[in-house]
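Here's a walk through a multi-chain model, with the cut-offs spelled out as we go. Have the viewer open and follow along.

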Amino acid sequence: MFDVVSFLISWLTLFGIYAILALCLNMETGYTGMANFGLVAFFGIGAFMTGYLSISSFLSYFGYNYPIYSLDAVIAMGRVSDKNPILNIGVFFLSLTFSFLVSGSVGYLVSYPTLRVGPAFLGITILSFGEMTRVFMRHFQPTGGAYGLLGVPNPFAWVQQPTLKGLLFLLLTFAILAAAFVYFEVLSNSPYGRVLRSIREDEVSSLCIGKSVPAVKAKLLFVASGMSGVAGSLLAFYLGSVSPDMFGTAVTFEVWSMVILGGRGNHVGALLGALVFSLLGRASSAFNFLFPGLAIDPNYVRWMLMGAVIVIILMYRPKGILVEKPVRTEAWRVFEGEEGRMVFHRKIGGVIKKALWWLMGREVR
Amino acid sequence: MGPILEVQGVSKSFGGVEALKDVTLKVEEGSVTGLIGPNGSGKTTLFNVIAGFYQPDSGRVLFEGRRIDGLNPDEVYNMGLARTFQNPRPFSSMTTLENLMLSPRGQIGESLAKAPLRRLWSGEEFKIAKNIKDFMSRVGIADLYKMRVSDLSGGHIKMVETSKGILGGARLILLDEPAAGLQYAVGRGVFEYINSLRKSLNLTFFVIEHRIDLLFDFADYIYVLHMGRLLSEGKPKEVASDPEVIRAYIGG
Amino acid sequence: MPLTGELSDVGVQWRTVADMAKEDLNAEIQKYGIKAKFTLVIQDDKTSSTEALTVVQTLSQAGIKVVIGPAASSQVKAVKSYVDDNKIVIISASSTSPTLALPDDYIFRTVGSDAGQAKALADLVNSKDVKKVIVFHRDDEYGVAFAQFFSNEFSTLGGSAIDIKYASGLEDYASEVAALSTKAQQENVEAIVIITFDKDGVNILDHAKDDAFLSSRKWFSSEGIHGALGLTTQTIAAFINKTNLLGTRPVFKENPLYKDFSSRYKTKAGIDPPVFSANLYDAIFLAGWSILRAGSYDGAAIRASLTEVAKKYYGASGLNMFDSAGDKMLQDYSIWTVKLLAGTYQYSDIGSYSGGTITWG
Amino acid sequence: MPTEVFNTIWYICVYSLMAVPLTLSNRVSKVLNFAHGVYITLGAYAAILITAGSGMRISPIVAILAAFLVGASTAVVTHILVFSPLMKRKSNPVTLMIASMGAWIFIKYAFYALLDILQKAWSTSLFYATPNLDLQGQVEVMGFEVNVKFLFVVALTFLSLSVLALFLTKTKLGMALRAVADNPDLAQISGISNERVMLITWLISGGLAAVGGFAWSLFTYVSPEAGDIVILQVFACSVIGGLTSLTMTLAGSVVISSAENLFILLLYRYLGVELSFRPFLSFLVLLMTILIRPPAGAGGGLPYRLRLRGLPRKV
């Protein structure tokens with residue numbers, strides 16, 4: 001009765017998108033200690049960038065000249081979006097890149113207040129920045145203003161079978177997620193990651209041992225916001241539509257709770273948190289479906305749960321489910337000999353190698 | 001050997017309150033120079049000015065003949081002038097090793113662009129780690145490398161703080177009350193440690209200390225600051241016998 | 001269905017409507033002796049797009065092929081690509097965005113697009129020989145689109161409309177109303193046309209009633225505010241009567257089925273049926289019948305049969321024929337206001353608009 | 001343009017009633033409390049629930065007391081259950097901030113659930129309501145028809161804020177409160193129970209915020225989102241006050257209120273800026289204040305001066 005496959009696909013896709021966000025936030029908060037409550041702004045900017053680029057490029061390629069938010073444009077998109085696979089894929093990667101660049105640059109600029117004010121103020125500042133972005137997008141005609149954009153061409157629009165299409169998109173999402181994960185993992189297991197942590201611990205004293213803290217923060221915000229932008233772009237492609245109201249502060253808080261649950265300063269933890277909370281969302285609606293007409297709506301329960309989890313985690317396991325590990329670099333080799341070299345992606349590599357050996361029927365050496 | 005640090009007529013005031021009034025002093029290379037004075041006499045303010053926390057309202061600060069006033073703390077550090085804090089500010093939830101690994105200047109792996117490419121920096125990392133291991137074993141804290149700094153004892157934390165500057169290749173180190181909050185013996189230990197380093201690595205120390213007795217045993221030269229003004233200076237004995245100083249300390 | 005979030009006020013009332021429709025539908029089916037029973041699954045979409053998508057996905061994975069709602073156009077957009085792929089029929093009873101009037105997709109709307117109602121409202125305003133108005137509207141899709149259509153229609157009728165946009169989703173609109181008042185005095189307009197949802201609309205009227213000049217103008221409104229309980233409170237209702245506020249809404253009141261429906265709703269819930277409830281009611285009926293007609297529980301088949309059923313179906317909201325874009329083709333409108341009936345203020349339809357002509361009474 | 005002025009005064013009253021306690025709590029407990037918005041909502045709903053439940057009018061005084069009680073108790077409970085355990089663990093400000101976020105989400109949706117149940121029970125719409133008080137009509141004040149509620153709220157604000165001021169400056173407890181705010185350790189030494197002071201603080205701030213919410217509910221219809229929608233503006237007021245100075249917070253609420261009621265109108269009239277930019281404007285004011293004049297106690301700001309790098313000059 002219950003279609004498990006498509007459930008997994010739809011759930012995991014949204015999970016993938018949120019997981020990328022969680023990783024970015026983890027970089028900013030877990031490692032660098034910047035309370036970024038405006039995450040959603042970069043998310044949204046990425047999404048709108050994508051909507052604008054993809055649709056306009058399609059229309060121009062097929063020689064229409066409607067405004068991209070007009071009805072004609074939407075209809076036209078419906079007609080042409082599955083005509084030319086190469087174009088679809090190309091546009092997809094193009095908009096991904098641009099979303100990264102644009103959101104990243106915005107993040108870089110936003111980092112300016114971070115050197116003027118402390119954590120609490122930073123939180124509020126970026127939070128209100130997020131709201132400002134939303135209000136602005138509502139008035140910004142080129143991206144449809146209040147109308148938003150409809151008809152963002154799915155990179156696999158040319159695939160007819162819906163499940164396969166979903167699956168392909170899921171794989172793409174996971175590929176990007178994996179890339180982000182490995183990149184961040186490597187980054188945080190390098191001297192750079194060490195600097196980030198030092199900033200989280202005590203930025204003044206980090207400044208006093210010659211780390212130019214503002215520059216580091218700004219660059220990090222560039223990368224993290226950029227990745228959030230990529231997540232937004234994925235969302236736009238997945239939904240096929242973008243509208244300003246999709247990017248309220250609630251999104252930010254959801255991602256926050258993911259990171260806190262999973263463990264600040266631990267990327268695997270961030271993934272775990274994302275997994276749990278996205279599943280929770282599904283569960284609440286499924287629950288609602290199974291037992292209609294409850295006294296208390298499961299959605300309320302779900303959010304209450306979310307709040308409670310945050311508080312409880314902070315009380316009894318402040319570092320989250322998975323605590324952060326010290327930065328693994330060559331340095332450990334000097335003190336601990338060879339096993340000090342085992343850094344995360346090498347571990348993965350080892351596992352894969354073993355698996356291959358096993359598959360080839362040889363015994364693992 | 002000439003002066004490594006020169007402070008020339010530095011004044012600094014906060015909202016009308018003058019914390020430093022036209023302070024001028026020299027720190028000879030290779031010396032342990034002391035700075036004493038009652039609370040609120042502007043010692044720490046002076047350090048902050050030197051280390052680039054504050055910009056002096058007037059006057060100049062020269063380090064190895066270069067102006068450093070108006071530079072930012074990180075730039076000052078990267079020129080070879082390190083400072084410690086009165087109550088230490090280590091990166092407490094990080095291990096001792098990580099704390100020390102942070103201090104060397106201009107590591108390749110600390111640039112965002114190069115960090116992901118392991119082979120660019122792994123060699124350097126290895127070298128640094130080796131130095132640190134030698135250093136730690138020489139100082140006798142090698143076996144602490146794995147501990148979080150928050151778990152260390154007060155004396156060790158001070159050592160780590162001081163070591164940071166040294167490993168950063170600083171030639172002048174400003175110490176803000178290295179012996180504060182330690183028992184006499186431990187405090188003395190810290191000072192002996194400083195002294196030995198000074199000899200072996202040819203470093204210069206500029207030290208604020210309330211433990212005048214300790215300071216008098218170890219310092220070569222002492223400045224006395226009072227109400228933001230330079231009250232007296234000289235070899236420990238001269239200062240100790242200076243009536244001005246005595247009055248300041250008793251009536252100040 | 002929005003139970004929390006900005007549309008929460010109506011959402012809760014819609015739940016009642018849906019239950020009613022279900023019971024009636026099942027009863028009717030029994031009457032025809034068909035062995036079938038429809039159960040209704042009500043989901044809160046929190047007026048947020050991703051939530052709406054999650055809900056729709058969950059439903060479809062549970063094998064459901066017909067989803068009624070989501071309410072807001074932005075949500076319908078968010079689920080569009082998914083439902084088109086997976087052949088799920090969406091029947092929205094309240095999404096009126098013109099940008100969703102798309103041919104051969106799986107989205108149907110049992111309510112006329114705003115374009116139609118904008119014309120009706122323009123005619124209404126014109127019939128009160130008002131020539132110069134201010135259109136005071138939300139800054140979201142609904143408000144912007146409606147205002148645009150209205151201005152066009154109104155200017156073709158030889159009137160002139162000044163457009164003022166306010167930020168939706170706020171809690172209070174005092175300053176907006178103040179600005180409206182000053183602007184109205186500058187331009188010396190004859191009437192104000194408000195295009196709002198329930199919360200903001202009530203708030204705006206609540207502030208406007210304290211403003212001397214605004215109280216001296218004529219007021220007109222779209223359907224968005226209809227059914228809000230705030231309007232039946234003493235003070236606001238008095239203001240409405242003073243300014244003789246008239247509104248249009250997509251209901252054909254002469255329709256006996258509707259009279260029946262609304263009276264039964266009133267006995268059930270104690271208040272008048274809220275905006276779009278008739279359309280929701282019909283949407284559920286359409287869904288039910290088309291499923292039966294399709295024979296097989298399959299999206300494509302249901303879609304096909306839905307258009308057929310709609311051709312013949314005459315429900316509480318009148319004829320439900322769909323046009324090529326899957327929107328209700330013939331939408332009649334009623335002219336509503338709030339009146340003092342039997343000691344209490346109540347919504348009442350005092351006229352109807354059908355095929356370009358207004359009939360009073 | 002009297003209406004605009006009246007609105008501005010309304011807003012000043014309401015915002016200061018909401019923002020001052022926020023600043024107070026932050027100053028004493030060092031928590032940037034996101035749950036503040038919930039206190040506001042609860043305060044706004046206290047009177048509504050009473051009237052809706054009993055179906056009768058109540059006097060505004062009762063309503064105020066109810067609001068204060070609800071808000072204060074919620075705040076205290078939040079402190080006991082969430083903040084004080086975390087403070088005992090010496091958690092850093094960011095952690096506390098996040099914890100408050102959690103508390104906020106929890107309480108908000110618990111309240112939603114409660115309303116949902118009550119709505120079914122009483123079969124009335126509570127998601128958008130205003131209290132039914134015997135406080136109606138207009139009075140003639142220097143040529144203006146003035147709403148009684150308006151005068152009431154102005155008086156309420158003036159009274160409660162001056163009482164607070166007196167409490168902080170004159171009474172022993174108030175001084176203790178300020179001492180703790182300025183230097184907890186010192187206060188601890190001088191024998192003031194830190195915990196007790198915290199409790200008092202939360203009592204006051206929660207209660208006042210709730211009263212502010214009640215004032216808000218007199219002004220307009222409120223929804224369960226009320227607190228969350230105004231909270232950003234309230235934060236803006238407090239941040240202008242540096243989250244430490246109560247007087248500056250008052251100034252902040254004046255600034256924000258006039259930005260929302262006067263500046264936007266001027267912009268609209270003379271520059272044709274659309275009205276819907278109102279929320280944008282208040283955030284803009286906030287950002288500008290932070291960037292141009294980082295408020296006193298913008299704690300944790302780096303000792304860092306932006307300038308074009310030039311290598312130190314040889315002398």
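What follows looks at the chains, then their contacts, then a few helices and single residues.

## Ground rules

This is a predicted model, where local features need pLDDT of at least 70, side-chain atom pairs count only at pLDDT 80 or more, and totals for chains, interfaces and linings use all residues. Residues are numbered from 1 along each chain as its sequence is written, while chains are lettered from A and ligands numbered from 1 in the order in which they are written.

## Chains A and C

Let's start with the make-up of two chains. Chain A has 14 helices and two strands, while chain C comes to 12 helices and 13 strands. Both kinds of element are DSSP runs numbered from the N terminus: helices are H or I with at least four residues, strands are E with at least two.

Of the 365 residues in chain A, 62% count as buried; for the 361 residues of chain C, the figure is 64%. Buried here says that 20 or more other C-beta atoms lie within 10 Å of the residue's own, exposed says 12 or fewer, and partly exposed is in between, with C-beta atoms placed from the backbone. As for contacts (C-beta atoms, placed from the backbone, within 7 Å), take those between residues at least 6 apart in sequence. In chain A, 79% of these join residues at least 24 apart, and in chain C 70% do.

## Who touches whom

Five pairs of chains touch, and the pair with the most contacts is A and D. That contact takes 45 residues from chain D and 41 residues from chain A. On the chain D side, the elements giving two or more residues are helices H3 (60-88), H4 (93-122), H9 (226-240) and H11 (278-292). H4(D) gives the most, with 17 residues. By class, this side of chain D has 36 nonpolar, seven polar and two charged residues. For the classes, Ala, Val, Leu, Ile, Met, Phe, Trp, Tyr, Cys and Pro are nonpolar, Asp, Glu, Lys and Arg are charged, and the others, Gly among them, are polar.

Chain A also meets chain B, with 35 residues of chain B in contact with 30 residues of chain A. The chain B elements that give two or more residues here are helices H2 (73-78), H3 (96-102) and H4 (118-139), and H4(B) gives the most, with seven residues. By class, this side of chain B has 16 nonpolar, nine polar and 10 charged residues. Chains B and C are joined by no contact, and their closest C-alpha atoms lie 34 Å apart.

## A two-sided helix in chain D

Helix H5(D) (residues 148-169) has 22 residues and reaches 32 Å from its first C-alpha to its last, close to the 32 Å expected at 1.5 Å a residue. The expected span is 1.5 Å times one less than the number of residues. Phe150(D), Val153(D), Thr157(D) and Ser160(D) in this helix are buried. They cover an arc of only 110 degrees around the axis, so they sit on the same side of H5(D); the arc is that of the directions from the helix axis to the C-beta atoms.

An α-helix has 3.6 residues a turn, so residues three or four places apart point the same way. On the other side of H5(D), the exposed residues include Phe158(D), Leu159(D), Val163(D) and Leu166(D).

## Helix packing in chain C

Helices H11(C) (277-294) and H12(C) (299-312) pack at an angle of about 120 degrees, with their axes 8 Å apart. Axes are lines fitted to C-alpha atoms, for helices over the stretch in contact, and angles run from 0 to 180 degrees between N-to-C directions. Among the residues that meet are Leu286(C), Trp289(C) and Ile291(C) in H11(C), and Ile302(C), Leu306(C) and Val309(C) in H12(C). The contact divides into nine nonpolar, two polar and two charged residues.

Most residues other than glycine have a negative phi. Glu177(B) is not a glycine, yet has a positive phi of about 50 degrees. Glu177(B) lies in the loop between strand S7 (172-176) and helix H6 (184-201) of chain B, and is buried, with 20 other C-beta atoms within 10 Å.

Asn202(B), not a glycine either, has a positive phi of about 55 degrees. Its place is in the loop between H6 and strand S8 (204-208) of chain B. Is Asn202(B) buried or exposed? Asn202(B) is exposed, with 11 other C-beta atoms within 10 Å.

Terms used:
Two residues are in contact if their C-beta atoms, placed from the backbone, lie within 7 Å.
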